[in-house]
Amino acid sequence: MLPVHDPNAWGPSLDAAVDAVNRQAVIVLPTDTVYGVGADAFSPTAVTALLAAKGRGRQMPPPVLIPDVRTVDGLAREVPEPARALMEACWPGALTVIVRSQPSLAWDLGETRGTVALRVPDHPAALALLSRTGPLAVTSANRTGEPAATTAAEAEAQLGESVAVYLDAGDSPLGVASTIVDATGDRLRIVRQGGISRERIVEIVGEDAVAGDAG
């Protein structure tokens, strides 16, 4: 359990997390929504370990956290303009956007059907980590079916020794998961309500760009 409360003192903690990612281990990191359990998105071995820690199969691939919106075009293709508008307006923030992935990418996140769910978290420690590791496969830090962890201690209680490094930044600011928007169809579809409201999404892109309520 390593502290990342103070940017002036979190260097050794981030060093340990970066080292863990580089050796394909699993880490827990703070985000603006809930704590995440993460691993190198480009390492199939690391992603397999992440899914095992979570107790999740390949049919539920993890989202990918990225350091900024400029990373999108290296990972995604044919991103529709309403999705770009959401990214520009809501990132960093509690919005995950499902887009079509670049077919040339050498990664295996599970049964993605050619898509990837991307988010830029609004948390200084997470962004500092991502700026060093690059894209991380990250899902909520809990065993499947259990409540999402809003503290590092809650994450450790559920995930135990399956995680190499726990980064502790105190309580999660939002304490609720991100809103997920599927941008692979003709219109944006909200598939999970979370930290960004449907009203805010409509405000950004217009009612015509958004399909019916979340399923």
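These legends describe close-up views of a predicted model.

**View 1. The largest pocket and the residues closest to its centre.** The largest pocket of this predicted model has a volume of about 730 Å³. Its lining is made up of 34 residues, and R56, P61, P63, I180 and R192 are the closest to the centre. By residue class, the lining of the largest pocket holds 15 nonpolar, 13 polar and six charged residues.

**View 2. Strands in the lining of the largest pocket.** At least two lining residues come from each of β6 (95-101), β7 (115-119), β8 (136-140) and β11 (189-192). With four residues, β7 gives the most to this lining.

**View 3. The hairpin of β10 and β11.** Strand β10 covers residues 179-182 and pairs with β11 in the antiparallel sense, over three bridges. Six residues lie between β10 and β11 in this hairpin. Within the pair, I180 stands opposite R192 of β11.

**View 4. S13 in helix α1.** Helix α1 runs over residues 11-22 and includes S13. The relative accessible area of S13 is 6%, so this residue counts as buried, the cut-off being under 20%. Apart from neighbours within four places in sequence, the residues in contact with S13 are L2, P3, V4 and L167.

Notes: Residues are numbered from 1 along each chain as its sequence is written. This is a predicted model: local features need pLDDT of at least 70, side-chain atom pairs count only at pLDDT 80 or more; totals for chains, interfaces and linings use all residues. Side-chain values use heavy atoms; hydrogens and water are left out. On a 1 Å grid over the protein atoms alone, a cavity is a set of points where a 1.4 Å probe fits but cannot get out, and a pocket is an open set with protein on both sides within 12 Å along at least five of seven lines; lining residues have an atom within 4 Å of a point. Grid points are joined across faces, edges and corners, and a volume is the space filled by probe spheres set on the points. Ala, Val, Leu, Ile, Met, Phe, Trp, Tyr, Cys and Pro count as nonpolar, Asp, Glu, Lys and Arg as charged, and the others, Gly among them, as polar. Two strands pair if DSSP finds at least two bridges between them. Buried means under 20% relative accessible area, exposed over 50%, partly exposed in between (1.4 Å probe, protein chains only). Contact means heavy atoms within 4.5 Å.
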